[in-house]
Structures are given as structure tokens and as C-alpha cells.
Amino acid sequence: MTAPDQPFRTLAGMRDLLPPESGRRRDLVATFAGVVELAGYREVQPPLVEELGVFLRVGEATDVVTKEMYDFEDKDGRRVALRPELTAGVARAFVQHHPQVPWKVWYAGTNFRHERPQKGRYRSFDQVGVEVLGVDDPDLDVEVVALAWESLRRLGLERIRLLVNSIGDHDDRARYVEAVRAFLDSRRGELSEAALATAERNPLRVLDTKRAEDLAVVADAPLIAEHRSAASAAHFERVLLGLDALEIPYELAPRLVRGLDYYRRTTFELVAESLDAAQNAVGGGGRYDGLVEDLGGPPTDGIGFALGVDRILLALEAEGAPEVQPVAVEVFVVDLTDGSSARDLTHELRSAGISADRRFGGGSMRSQMKSADRSGAQWAVLIGADELESGTVTVRDLRSDAPQSPVPRTDLVAELRRRGTTT
Ligand code: AMP
């Protein structure tokens with residue numbers, strides 16, 4: 001194979017996550033896991049690739065399915081797709097393994113959507129989230145919404161708003177869709193081409209519009225509240241009562257419908273005020289009664305949310321969170337002999353839980369000390385011919401002028417601990 005004319009680069013909408021930001025992402029997942037594991041959620045990891053049919057259940061009228069799917073035929077001639085979200089995969093896993101209900105799970109992973117890339121909107125992006133299958137209790141909705149809120153707070157976001165709505169049950173939603181369709185039809189002349197096209201496929205999505213020309217029309221659209229059955233209205237009331245009891249601040253958003261088709265009753269979205277309006281949703285979720293059945297399982301209630309990791313990080317940055325500091329090793333071994341001591345000592349220190357690095361390929365004292373400085377290590381451990389001879393090493397504090405001292409090689413780990421390494 002010949003070398004390419006131009007060096008390879010990432011595809012549009014795909015990014016390399018480099019240190020130190022990659023560390024913040026891992027910390028974010030760990031913090032999220034801490035919050036939801038406290039509430040009894042356990043991790044599930046569905047595969048990145050599933051049969052296309054699994055994701056078609058997300059909604060044949062949504063952009064995610066019709067326009068943005070990374071689907072292809074695999075080498076067995078099967079139609080498969082990279083997951084555009086995780087809820088469908090989790091529901092498929094539930095149908096396949098029939099775990100005991102309630103099944104309370106959390107996930108963290110990458111999704112793929114062939115969207116128009118822009119800041120905060122990528123073709124490969126990460127989400128963390130939870131799903132609960134098998135419970136139809138509005139107090140569970142409260143638990144789930146509270147966990148989404150609590151996670152974002154624990155991650156350090158301060159300027160967030162929680163928007164809540166209920167789009168009613170299956171029949172309410174169907175009646176509402178017809179009402180919205182009729183309304184949009186009556187105002188055709190005032191809507192943009194794009195809104196008219198969306199109205200054909202999925203009238204509720206027009207209510208999500210960000211286009212100024214359509215917003216004026218949407219402001220007059222019928223509200224779901226007028227179409228909710230008594231049972232869905234009572235469910236919603238209990239949810240709001242619970243949020244009040246837990247002192248979770250929310251705003252009613254009577255036009256919040258969310259993109260995916262399978263939502264029923266409670267829907268919610270979390271918005272970061274520090275981000276541009278077009279990409280300010282940092283997460284969202286809701287009930288999706290019916291999805292498990294669509295995937296071939298028994299009638300099962302479900303609820304969950306997904307938070308966008310990339311957007312949370314952008315929002316933290318926009319709120320002025322301190323920059324991530326590179327993680328330095330604690331000890332840098334400078335070997336002025338043949339390198340065997342650096343090889344052995346780094347291994348010994350790491351086995352003792354002390355982070356350590358060295359320079360490969362040897363070099364002069366000066367160049368090795370330069371590497372030590374650049375590594376950010378607190379201590380240099382030096383070994384020259386004299387130390388080798390006497391079975392010692394010299395420990396130098398790189399952050400102070402304290403005199404360096406020889407230490408018996410066998411005492412090095414104890415000495416470093418005494419000086420305060422993190423382990
Ligand atoms: P959704 O699965 O569409 O309900 O999205 C849930 C959350 O994932 C959103 O609120 C965003 O924070 C995030 N998200 C969705 N699509 C993208 C994308 N293309 N790029 C980055 N984040 C995204």
C-alpha cells in the first residue's frame with residue numbers, strides 16, 4: 001500500500017479525545033456512576049452495533065432514524081446499524097435476557113448520528129443515562145428526574161433548567177397529534193418549507209422548532225393538556241407533587257415533546273443556560289411505555305434519560321469551571337548507568353502504587369533532568385555509578401531547594417511514602 005497524498009484526519013463530526021480533557025470525561029462517568037449506583041442502578045453495556053430493526057423502533061418518522069443512521073450491510077448480508085442512542089439497545093437486552101423487574105440500569109457509551117456537525121453537535125458523541133423497566137409508578141418518574149438533576153449538579157453545573165411536560169398516554173398522544181396536524185394545516189401559509197415537510201412526517205416535531213418564522217405559529221398551537229385523559233393527568237400531578245417534595249426546581253413546558261417517537265406521559269429536558277440556544281439541551285428523557293412490546297417483549301413500562309457528555313463538558317467550560325490540569329507522575333527515575341535500574345525501579349515503584357516514569361534511550365544528566373522537569377514529577381530518583389556501587393539512590397525534590405539525600409535502594413518505597421506520595 002502506498003502512503004496517502006494527505007495525512008489521514010478524523011472524519012467530519014468525529015473528534016479525537018486527547019489528554020488532559022479525556023481524563024475529565026472519565027471522571028464525569030465515574031461521578032455519574034456514583035450518583036446512580038447510590039440509588040440501586042447497575043451498569044449495562046449493550047453492543048455498539050445491532051440489527052437495524054432494533055433502532056427502527058425508535059421512530060420511523062424521526063430524523064434520527066430516517067436521515068442520520070449509520071446503517072450498512074455487514075459481511076453476512078444483514079442490515080445493521082451503529083447505535084444512535086442506547087435506550088433501544090437496553091430494551092432489546094431486557095427482552096433477550098428477561099431480568100427480574102424492576103430492572104434499574106445505567107449506561108455510558110458512544111452513539112453515532114450522521115448530523116450536520118457544529119459545536120455541541122457531533123456525529124460521534126457520548127451519553128450517560130439510566131433506564132428502569134417494569135414499573136408504572138409516578139414516584140419512579142420523580143426518582144428518575146431527580147437523578148438527572150442531581151447528576152448534573154454533582155458534575156458541577158449550576159446554570160441549568162429542568163423542563164417538564166406530560167404528553168399523555170398512547171391515545172392522548174394520538175388525539176393530540178391529530179389536533180396539531182389539523183392546526184398546522186390551517187396555518188400552512190405561515191409555515192416555513194422545512195416545517196411543512198416535518199409536519200407531513202411528524203407534526204409534534206414542529207412544536208420543537210427553533211426557527212423564528214415558525215415560532216409565531218407554534219405559539220398558538222393546541223396544548224397537550226387539553227387532550228390528556230384523567231389517568232394521565234393524575235399521573236402527571238403526582239410527578240409534580242414529588243418534584244415539589246424533593247425541592248427539585250422545574251418549569252412546566254407544555255410544548256416539550258422530545259424527538260423520539262416512543263415517549264409517553266412524563267417527558268423532560270435539561271437545558272444549560274450557558275450554551276447557545278440551538279445546542280443547549282444537555283439531557284432529556286421520559287416514559288416510553290410500549291417500546292419493549294415493539295421489540296417483541298411483554299407489555300412493560302419504561303422510563304429513562306440520557307445526558308450528553310460532550311455538552312455537559314462544554315457547559316462546564318462555559319460556566320467557567322477550572323481547566324483540567326494534566327496528571328503528572330510522582331516520580332521520575334534518572335538512570336546515568338545502562339538503564340537497567342530505571343527499568344527495574346519504575347516497575348518496583350508502580351507495583352507499590354507510586355506513579356513513575358523514566359526516559360528511554362538514556363542521555364546525559366542534563367537531558368534526563370530536563371525530561372524529569374517536563375514530566376511534572378515531584379521527585380527525581382537518581383542512580384549513577386556511585387549509587388550503583390553503594391546500593392543507594394539519590395532522591396531530589398524537584399519542587400523545592402531541599403538538599404538531596406542518598407537513600408538505601410531497598411528503602412526507596414518507604415522513603416517516598418514518608419515524603420508523602422499519594423499512596
Ligand atoms: P436524545 O437521545 O436525542 O434525547 O439526546 C439526549 C442528549 O444527548 C441531548 O440532550 C444532548 O445533550 C446529547 N446529544 C444528542 N445528539 C447529540 C449530538 N449529535 N452531539 C452531541 N450531543 C448530542
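This is a predicted model: local features need pLDDT of at least 70, side-chain atom pairs count only at pLDDT 80 or more; totals for chains, interfaces and linings use all residues.
Helices, in the sense used here, are DSSP runs of H or I with at least four residues, numbered from the N terminus. Leaving aside its neighbours within four places in sequence, V218 is in contact with V206, L207, T209 and R255. A further residue to look for is L184, which is 34 residues away from V218 in sequence, while the C-alpha atoms of the two are 8.4 Å apart in space.

From here we can turn to R187, which sits in the loop between α6 (170-186) and α7 (193-201). R187 has a relative accessible area of 18%, and so it counts as buried. When neighbours within four places in sequence are set aside, the residues in contact with R187 are V217 and D220.

The secondary structure of the protein comes to 16 helices and 16 strands. The radius of gyration is 28 Å, well over the 22 Å that the globule rule gives for 423 residues, and the protein is therefore more spread out than a compact globule. Taken along the principal axes, the box that the C-alpha atoms fill is roughly 90 × 60 × 45 Å. The protein is divided into domain 1, made of residues 21-169 and 229-318, and domain 2, made of residues 331-418. The centres of domain 1 and domain 2, taken over C-alpha atoms, are separated by 49 Å.

Several totals describe the chain as a whole. Of the 423 residues, 49% count as buried, and the protein exposes about 21,200 Å², of which carbon and sulfur atoms supply 50%. Among contacts between residues at least 6 apart in sequence, 70% join residues that are at least 24 apart. The protein carries 53 positive and 69 negative charges, and the mean positions of these two sets are 3 Å apart.

The buried residues of α4 are T87, A88, G89, V90, A91, R92, A93 and F94. What covers them includes the strands β2 (49-51), β5 and β6 (124-133), together with the helices α2 (52-56) and α11 (291-294).

What follows α4 is H98, whose phi is positive. Most residues other than glycine have a negative phi, and most peptide bonds are trans. H98 has a positive phi of about 25 degrees although it is not a glycine, and H98 lies in the loop between α4 and β5. At 63% relative accessibility, H98 counts as exposed, whereas the eight residues of α4 named above are buried.

E247 has a positive phi of about 60 degrees although it is not a glycine, and its place is in the loop between α10 (230-245) and β8 (251-252). E247 counts as exposed, at 70% relative accessibility. A cis peptide bond also joins P19 and P20, with omega about 5 degrees, and P20 is found in the segment before α1 (21-37).

A last stop is helix α5 (residues 138-154), where R154 is placed. R154 counts as partly exposed, at 47% relative accessibility. Not counting residues up to four places away in sequence, R154 touches T31 and V35. R154 and G34 are 120 residues apart in sequence, and yet their C-alpha atoms are 9.8 Å apart in space.

Notes:
Residues are numbered from 1 along each chain as its sequence is written. Side-chain values use heavy atoms; hydrogens and water are left out. Domain bounds come from an automatic or database domain assignment. Helices (H or I, at least four residues) and strands (E, at least two) are DSSP runs, numbered from the N terminus. Buried means under 20% relative accessible area, exposed over 50%, partly exposed in between (1.4 Å probe, protein chains only). Contact means heavy atoms within 4.5 Å. The radius of gyration is taken over C-alpha atoms; the globule rule is 2.2 Å times the number of residues to the power 0.38. Accessible areas come from the Shrake-Rupley method with a 1.4 Å probe; for residues, only the protein chains shown count as cover. Lys and Arg count as positive and Asp and Glu as negative; His and the chain ends are not counted. The place of a charge is taken as NZ of Lys, CZ of Arg, CG of Asp or CD of Glu.
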